[in-house]
Protein chains: 4
Amino acid sequence: MIIPKESRLSPEQLREVTGIVEEFGCRIQEIVGAHRNIYAILGDERHELMFNRLIGLSYVARVDHIESSYRLLDKSSELANQRLVLGGVPIGEEPLFIAGPCTVNPQNPQLTLETADAVKSAGAQLLRGGVWKPRTMPYSYQGDHNALEILIEAREKTGLPLVVEVMDEEQLKIALEAEVDVLQIGTRNALNYSLLKAVGRLSAPTRSWILLKRGRHMADPDEFLSAAEYLAAEGNPRILLCPRGTMPKLDGYRNHPDESITPLLKERTWAPVVCDPSHSTGHASYVPAASLAAIAYGADGLGIEANVEPRKGIGDDPKQALDPAALEKTIRQCRALWNLIHEPTQD
Amino acid sequence: MIIPKESRLSPEQLREVTGIVEEFGCRIQEIVGAHRNIYAILGDERHELMFNRLIGLSYVARVDHIESSYRLLDKSSELANQRLVLGGVPIGEEPLFIAGPCTVNPQNPQLTLETADAVKSAGAQLLRGGVWKPRTMPYSYQGDHNALEILIEAREKTGLPLVVEVMDEEQLKIALEAEVDVLQIGTRNALNYSLLKAVGRLSAPTRSWILLKRGRHMADPDEFLSAAEYLAAEGNPRILLCPRGTMPKLDGYRNHPDESITPLLKERTWAPVVCDPSHSTGHASYVPAASLAAIAYGADGLGIEANVEPRKGIGDDPKQALDPAALEKTIRQCRALWNLIHEPTQD
Amino acid sequence: MIIPKESRLSPEQLREVTGIVEEFGCRIQEIVGAHRNIYAILGDERHELMFNRLIGLSYVARVDHIESSYRLLDKSSELANQRLVLGGVPIGEEPLFIAGPCTVNPQNPQLTLETADAVKSAGAQLLRGGVWKPRTMPYSYQGDHNALEILIEAREKTGLPLVVEVMDEEQLKIALEAEVDVLQIGTRNALNYSLLKAVGRLSAPTRSWILLKRGRHMADPDEFLSAAEYLAAEGNPRILLCPRGTMPKLDGYRNHPDESITPLLKERTWAPVVCDPSHSTGHASYVPAASLAAIAYGADGLGIEANVEPRKGIGDDPKQALDPAALEKTIRQCRALWNLIHEPTQD
Amino acid sequence: MIIPKESRLSPEQLREVTGIVEEFGCRIQEIVGAHRNIYAILGDERHELMFNRLIGLSYVARVDHIESSYRLLDKSSELANQRLVLGGVPIGEEPLFIAGPCTVNPQNPQLTLETADAVKSAGAQLLRGGVWKPRTMPYSYQGDHNALEILIEAREKTGLPLVVEVMDEEQLKIALEAEVDVLQIGTRNALNYSLLKAVGRLSAPTRSWILLKRGRHMADPDEFLSAAEYLAAEGNPRILLCPRGTMPKLDGYRNHPDESITPLLKERTWAPVVCDPSHSTGHASYVPAASLAAIAYGADGLGIEANVEPRKGIGDDPKQALDPAALEKTIRQCRALWNLIHEPTQD
């Protein structure tokens with residue numbers, strides 16, 4: 001849809017516009033309005049270059065997309081018909097709970113092993129844990145490959161599938177070697193297309209899922225889905241979308257909680273949405289409320305930082321991990337809210 | 001707390017800083033750090049002019065407030081001990097529901113009267129309705145004094161107290177004359193201090209409450225509470241704080257939903273928080289989820305646009321009002337969630 | 001322009017949509033696309049209620065405006081042909097400089113009188129000064145009617161026209177009585193439509209101009225112009241648009257500098273743009289750079305806080321007012337940049 | 001600086017706080033205020049984990065950093081004494097201009113070679129060109145290694161050093177092999193710490209510089225500098241900081257122009273700031289104004305997209321590249337403004 005700066009295009013301008021769209025196999029239809037004519041682009045309008053050339057014309061005020069740019073992630077894609085099961089949970093039929101420490105302390109395997117037991121008892125179906133960590137400061141602890149061994153042991157003992165963040169191809173290969181169940185791509189890499197392509201391509205022939213966090217620049221639903229499209233286009237459609245708070249932060253929280261984007265995502269895509277109340281708010285005391293709010297907005301699941309002894313954690317745990325009692329209560333209340341929302345609609 | 005640009009103040013700079021704070025009855029205490037000294041301000045630091053003068057010094061990097069600037073609204077104020085009851089609802093003990101049309105159509109009293117009955121049946125305890133309307137365009141319908149008569153008739157018939165927005169002193173006087181139960185100050189006037197003072201002063205000797213919407217510039221908790229402080233300082237502490245969505249909007253909604261500010265407000269103030277899911281999201285289909293999310297975050301109540309026939313409304317009703325069935329279901333689910341959260345804490 | 005949620009409207013949906021737009025004198029034209037049909041609205045589409053009803057339909061994904069909602073402010077309006085002269089400055093031919101103290105101290109007339117002389121010497125053509133002040137805290141100094149007398153005396157002595165902020169009808173009447181040359185509407189009242197209407201209506205028969213600050217919620221160009229349209233619709237088209245920084249603030253400034261909105265405004269309206277580098281940045285040391293940036297972006301003028309002795313000011317002066325030397329240098333550099341940009345375009 | 005939720009810490013709380021900071025070699029000093037005591041942390045407070053543990057305490061309202069977290073980038077670092085020369089330009093003594101096409105078309109080497117000549121004639125001292133491209137959609141053109149050959153030929157012919165974006169380690173190695181003069185890290189990778197470390201480490205022993213774009217999530221000065229610290233910590237302090245527009249975008253631009261962050265950066269770091277007016281605004285017509293604004297705010301240089309025939313470009317060129325005449329005029333005006341600002345300060 002082309003909106004001209006003046007009330008209509010001159011014949012010469014119309015010829016130029018028509019010439020451009022025809023190069024991309026499209027046509028122009030003029031629509032005569034009361035004060036202004038507009039010009040619809042008929043045909044497949046998903047050519048970024050065509051748009052760039054139209055926007056570049058001095059007499060064009062605006063060019064609007066009508067079509068979505070994500071084909072595989074779109075609700076109309078055939079992928080929408082998959083039945084998705086992760087960690088034994090049929091997604092959409094009951095809520096999915098991922099829990100575990102922010103950062104696995106390689107010096108203290110016991111803490112992680114006990115936490116794994118505790119989150120399972122509390123009702124979580126997957127275990128998360130940081131092996132490698134993106135840190136604002138280069139001088140902070142950056143992670144350790146050995147932490148992965150501890151998680152693998154925890155998986156063996158509890159049967160819980162693992163969620164582990166990878167930040168580069170080397171880490172990705174180690175994680176795939178270890179058959180990590182869910183590969184997490186963090187918010188700082190949410191638009192790292194080289195990583196997205198590598199993760200999609202290398203995980204495609206495996207059974208691994210991918211949890212893609214939302215870019216914290218307030219990525220809109222379309223941009224978020226276009227990033228996920230990279231994963232599917234490389235062959236892996238086992239994708240979880242994860243809102244986790246955006247910038248600018250709400251004064252008092254670590255980020256600006258963004259569970260409210262969930263309904264907008266679910267209108268456009270079949271991909272499950274799993275929210276992260278721990279990073280959204282950044283403080284354990286707010287996590288239960290943010291968890292319930294995410295379920296209220298229709299999230300398919302939650303990823304929650306938890307630790308048997310938050311104060312002993314070496315990552316964000318001391319400030320934002322729930323202890324087992326709080327985790328258990330949060331999961332229990334979230335299940336109750338889920339059931340309330342999914343009540344048979346007799347009204 | 002004064003943070004200097006260099007690692008410490010020179011003796012001369014320290015003398016100047018000390019001179020300034022002493023004018024306002026404060027003292028300076030130097031704190032010797034590893035790399036940088038900082039300078040605490042001892043005494044009552046709530047003097048805006050003192051801060052302006054300190055910030056203006058070329059060698060000062062930052063001056064931080066420690067004290068809050070709202071005395072009456074602060075949780076430590078004696079007002080925190082009030083027991084608040086509005087529309088028969090003991091606030092904090094059960095949720096408060098305000099519902100009604102966006103805009104009362106003076107040509108169609110029946111629509112409003114039927115809506116009043118319907119929202120009462122659905123479980124609302126107060127009736128809202130727009131008499132005068134802030135509209136982006138000067139050529140849109142701006143409201144009509146006669147609409148107030150219809151609301152008064154609705155109050156008589158249903159017994160529901162009224163919530164009506166006022167935008168200037170003339171409207172305020174008409175509303176007070178009519179004994180409007182809750183005077184609403186809208187988001188566009190959230191920092192209109194002349195109006196805040198007039199509403200606080202003129203409503204003080206009456207029984208009217210004030211519902212103050214959050215400024216949509218993403219007002220932080222302190223600024224929001226400082227605006228409310230104007231009302232209390234003029235004598236009316238019967239205040240409801242209303243988050244209603246901020247800018248920049250989330251692509252797909254009318255605003256950026258902001259119920260997540262509720263816990264931050266409730267940590268600082270005793271004033272009840274009533275969220276507005278209708279304006280936050282701007283579309284009826286999202287209102288039930290946003291309502292539940294607000295309750296999840298600890299809101300004391302909700303203001304929801306509702307209409308027996310949304311399509312016949314003349315304001316935002318056609319896009320964002322719930323019909324009675326949706327309102328009834330939303331209120332019912334919100335009550336259930338409220339009970340879930342407020343379960344006796346045996347754990 | 002109506003974009004349906006599905007690939008096209010059903011015949012029944014199309015009938016409903018057509019029925020709605022016909023009530024407002026418009027027609028629908030269907031545009032057949034490759035994957036999706038869209039539906040243009042032909043006729044005058046500036047009916048807010050028509051949009052609300054269309055957006056409210058469950059099968060409609062989006063409704064886009066094509067027409068602008070500001071008729072008088074639009075560049076295509078006949079008002080675009082006015083030649084505008086203020087304070088002897090033909091606007092657009094040379095830059096306009098407004099300068100003066102944040103707040104006039106009624107206890108110290110000399111400070112304001114000397115400042116008036118100084119800003120005139122520095123090259124400013126208008127004098128600004130705060131008589132009544134919007135303050136975040138109710139306990140801060142709120143202004144004093146007597147300060148206006150001092151400004152009037154300064155005007156008599158220097159011949160500089162006055163810019164004074166008014167926040168309510170009472171202040172407006174006092175200002176008009178005093179023949180204040182430019183009535184300022186501040187950012188907190190930027191969408192206070194009752195005040196906008198009163199200022200437009202009461203100033204229409206006078207010679208006063210109106211300086212309208214941009215709402216600090218990041219008001220987009222259209223919303224800003226729609227607010228200004230209120231003024232023109234009431235009869236006063238002598239309007240200056242004033243970007244002054246938005247929220248969320250840039251960490252280190254008082255606000256987020258927003259002079260970059262200037263070209264977007266000037267593409268749509270004939271109304272002059274006068275930027276406020278003092279509030280944008282909030283610190284005197286940044287004002288010269290922000291002033292030049294505004295001129296770079298095409299501003300017609302600047303409003304700068306200045307004071308012969310900033311430290312003696314009682315408002316924001318101690319932190320953000322320029323002293324006369326800095327003001328003179330800033331004005332001189334801005335004039336040089338103006339001439340550089342407006343060089344005869346021989347290339 | 002620890003601010004408690006209550007007016008002071010209890011003896012037991014104080015013991016707990018003291019115990020935590022002592023683990024990290026710090027001490028606590030209590031500061032007795034009028035209404036509230038605060039607690040200064042004495043010693044090196046740059047331990048993220050210490051902060052996490054303090055924030056996690058239920059009775060702590062806020063913990064403020066005083067020290068900066070970037071040691072090498074800080075203005076007080078010894079690196080501040082380097083004299084920086086790039087492309088023959090002594091940085092800070094005259095402005096640096098980088099220009100060239102968005103995307104090098106591997107099918108049309110002539111276009112890039114002619115553009116290289118043209119940008120040199122227009123006054124640019126470095127040539128930029130995209131070899132590999134981050135694209136929102138996976139189906140858009142993603143770049144081609146062969147394009148690098150064309151740039152190398154252009155460098156040979158013009159003598160202009162090259163600026164090329166790299167997005168992963170494979171591209172980095174190819175670029176270093178080709179002795180690319182400036183390695184660009186794009187906004188989407190601005191917090192991709194694996195890439196930052198690889199670029200810093202592998203470029204350290206070479207002569208290559210690094211141009212680091214600002215994260216478009218509105219990264220604050222400290223976060224931006226902490227990301228740059230990764231580069232320096234790995235051994236390469238030849239860093240250019242590049243503001244390039246942030247989200248949420250200003251309606252009408254591609255991003256929200258952010259040249260105004262320049263003074264805040266320059267107060268904290270010695271690293272040069274080179275702004276990107278092309279991506280900030282996203283349209284050629286706004287680039288000259290945004291270029292001047294960046295110089296006004298104190299930028300050391302500019303990166304501008306330019307093309308001899310913008311419409312023939314295959315990247316963003318058709319919408320945002322300047323043609324040679326516009327580039328020449330922009331550079332000329334920027335130089336004039338630079339001279340104006342850097343006039344000998346006799347006043």
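Modeller: Buried area is the accessible area, taken with a 1.4 Å probe, that two parts lose on being put together, summed over both. The model under discussion is predicted.

Colleague: What area is buried between chain D and chain A, and what share of it do carbon and sulfur atoms give?

Modeller: The contact draws 46 residues from chain D and 46 residues from chain A. On the side of chain D, E48(D), M137(D) and Y139(D) lose the most area to chain A, together 14% of what that side buries. The area buried between chain D and chain A is about 4500 Å², and the share from carbon and sulfur atoms is 53%.

Colleague: How many salt bridges does the rule find across the interface of chain D and chain A?

Modeller: The rule asks for a side-chain nitrogen of Lys or Arg within 4 Å of a carboxyl oxygen of Asp or Glu. R135(D) and E48(A) form a salt bridge, with their closest N and O atoms 3.7 Å apart. Across the interface of chain D and chain A, the number of salt bridges found is six.

Colleague: How do the residues of the side of chain D that touches chain A divide by class?

Modeller: Across this interface there are 25 residue pairs in polar contact, both residues at pLDDT 80 or more. Helix 2 (48–55), helix 6 (193–203), helix 7 (221–233) and helix 11 (317–320) of chain D each supply at least two residues of the side that touches chain A. By class, that side of chain D has 16 nonpolar, 16 polar and 14 charged residues.

Colleague: Which helix of chain D gives the most to the side of chain D that touches chain C?

Modeller: Chain D and chain C bury about 3000 Å² between them, 58% of it on carbon and sulfur atoms. Across their interface the rule finds zero salt bridges, while eight residue pairs are in polar contact, both at pLDDT 80 or more. The elements of chain D that give two or more residues to this side are helix 8 (262–268), helix 10 (287–296) and helix 12 (324–341). With seven residues, the one that gives the most is helix 12.

Colleague: Why does T115(A) count as buried?

Modeller: T115(A) lies in helix 3 of chain A, residues 109–122. Beyond its neighbours within four places in sequence, T115(A) is in contact with G100(A), P101(A), A306(A), N307(A) and V308(A). Buried means under 20% relative accessible area, and T115(A) therefore counts as buried because its relative accessibility is 1%.

Key: Residues are numbered from 1 along each chain as its sequence is written. Chains are lettered from A and ligands numbered from 1 in the order in which they are written. This is a predicted model: local features need pLDDT of at least 70, side-chain atom pairs count only at pLDDT 80 or more; totals for chains, interfaces and linings use all residues. Side-chain values use heavy atoms; hydrogens and water are left out. A polar contact is a pair of N or O atoms within 3.5 Å; within protein, one must be able to donate a hydrogen and the other to accept it, and residues adjacent in sequence count only if both atoms are side-chain atoms. Helices (H or I, at least four residues) and strands (E, at least two) are DSSP runs, numbered from the N terminus. Contact means heavy atoms within 4.5 Å. Ala, Val, Leu, Ile, Met, Phe, Trp, Tyr, Cys and Pro count as nonpolar, Asp, Glu, Lys and Arg as charged, and the others, Gly among them, as polar. Buried means under 20% relative accessible area, exposed over 50%, partly exposed in between (1.4 Å probe, protein chains only).
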